[in-house]
Amino acid sequence: MNQYLDFAIDLAERLQGQTATNPSVGAVIVKNNRIIGFGAHLKKGEAHAEIQALKMAGAEATDATIYVSLEPCSHYGLTPPCSKAIIDSGITSVVYAVKDGSLKYSGHDMLQEAGIEVTYEPTERAQALYNDFFHQQETKLPHITVKVSTSLDGKVATDNNESKWITSKEVKQDVLKLRSQHDAIMTGGMTVRIDNPLLTTRSKGLKEPKRFVLTRQSEFDDNLDIFKDHDNPVVVITEGSDFEVKENQNIEVVHKDLSNLKNVLKHLYDAGYAQVMVEAGPKLVSEFIEQDLVDQLIIYQAPKMIGGQGKYQYYRTDDVYPLSNSKLFKIISTEIIGGDLKIILRKK
């Protein structure tokens, strides 16, 4: 792979999860075999990667080549089209790794019509970076990652609801990093009431996801820590119109039908949340799996056998399905963390 295009893809990968419903993009400008500018799209509504790189290159951009992880945009959105900025800069050559099928008017064509040499150099690595973005453009739903910490026999707690701690301290640290890679984190009201979690990254160096709690009950006790964060309100999504927010609770209330999780997720996507992590108990996890809304499943599995009757098995259904109707996932990767197994799976 071209080293400069590789660098652009590196920049895009590092900023995954920070650009909301926009794709993460990296750009590098080269002249006489020397990098004169580079940039990345940092946040939705702010300058795109190409604009950041052009600002750094300044007047030197004339007769240079720009390498971009994704085909430069050609439309006016929250920012002007990058293809026009490239044309105006005097750049004479553009190399990009992935075609943007969401564009109504090709940036490739726009650049070529302006007399710029355009080269499409596809790579599997770059394509994998944007598969979720293109899927979101079609469905208008966020990408959903369900995270589960479980025993070897599939339990997230004993039948007496003892769950601290099934997996290792090293897994907990990995989960904190995983949270930071998402725009939002979602859990159920029962998990909040029983576990009293914060659902934060516990680090100033990591991005904090927006927290969403789904509940059918009309209130939460005022001693729960998650609602005491005065700077970052928690969004409670509930069906009833009588939900009570108490004086010391920093809560925003949204009313939605909780039986249709797709409508709940559409609300999140419309609000700008593109990467959502579900960290919840068996009931909500099972609902996501049953409604075919899981794009990625991450299982942290401890080498422990809990036994019991499986009251807190992470996937439960009322009906017994034949094997031919099983939910199918593909194993993407495995990793040993602190003696536990991390399995990343994608929906087939």
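These legends go with several close-up views of a predicted model.

**Ground rules for every view.** Local features here need pLDDT of at least 70 and side-chain atom pairs count only at pLDDT 80 or more, while totals for chains, interfaces and linings use all residues. Residue numbers start from 1 along each chain as its sequence is written, and side-chain values use heavy atoms, leaving out hydrogens and water.

**View 1. The whole chain, for orientation.** The chain carries 9 helices and 14 strands; these are DSSP runs numbered from the N terminus, with helices being H or I of at least four residues and strands E of at least two. Of the 348 residues, 49% are buried, meaning under 20% relative accessible area with a 1.4 Å probe and protein chains only (exposed is over 50%, partly exposed in between). Take the contacts (heavy atoms within 4.5 Å) between residues at least 6 apart in sequence: 68% of them join residues at least 24 apart.

**View 2. The open sheet of 9 strands.** Read across, the order is β10-β9-β8-β7-β11-β6-β12-β14-β13, with mixed pairing; two strands count as paired if DSSP finds at least two bridges between them. At the edges sit β10 (251-255) and β13 (329-337), each pairing on one side only. From one strand to the next, the twist averages 20°. Axes are lines fitted to C-alpha atoms, for helices over the stretch in contact, and angles run from 0 to 180 degrees between N-to-C directions.

**View 3. Strands β6 and β11, with two helices on the sheet.** β6 (residues 143-150) and β11 (residues 275-278) run parallel, joined by 4 bridges. Val146 stands opposite Val278 in β11. Helix α6 (residues 169-180) packs on the sheet, where it touches β6, β7 (184-188), β11, β12 (296-301), β13 and β14 (340-347), and its direction makes about 160° with that of β12. Helix α8 (residues 261-270) also packs on the sheet, touching β6, β7, β8 (210-215), β9 (234-238), β10 and β11, at about 150° to the direction of β7.

**View 4. The largest pocket.** Its volume is about 1300 Å³. A pocket is an open set of points on a 1 Å grid over the protein atoms alone, where a 1.4 Å probe fits, with protein on both sides within 12 Å along at least five of seven lines; lining residues have an atom within 4 Å of a point. Volume is the space filled by probe spheres set on the points, which are joined across faces, edges and corners. Of the 47 lining residues, Thr191, Asp195, Glu279, Ala280 and Gly281 are the closest to the centre. α6 gives the most to this lining, with 7 residues. By class, the lining has 20 nonpolar, 13 polar and 14 charged residues. Nonpolar covers Ala, Val, Leu, Ile, Met, Phe, Trp, Tyr, Cys and Pro; charged covers Asp, Glu, Lys and Arg; the others, Gly among them, are polar.

**View 5. The second largest pocket.** This one holds about 750 Å³ of space. Of its 32 lining residues, Gln16, Asp132, Gln275, Gln296 and Arg346 are the closest to the centre. The lining divides into 11 nonpolar, 14 polar and 7 charged.

**View 6. Ser89 in helix α3.** Ser89 belongs to α3 (residues 82-89). With a relative accessible area of 17%, Ser89 is buried. Not counting residues up to four places away in sequence, Ser89 touches Leu54, Ala61 and Thr62.
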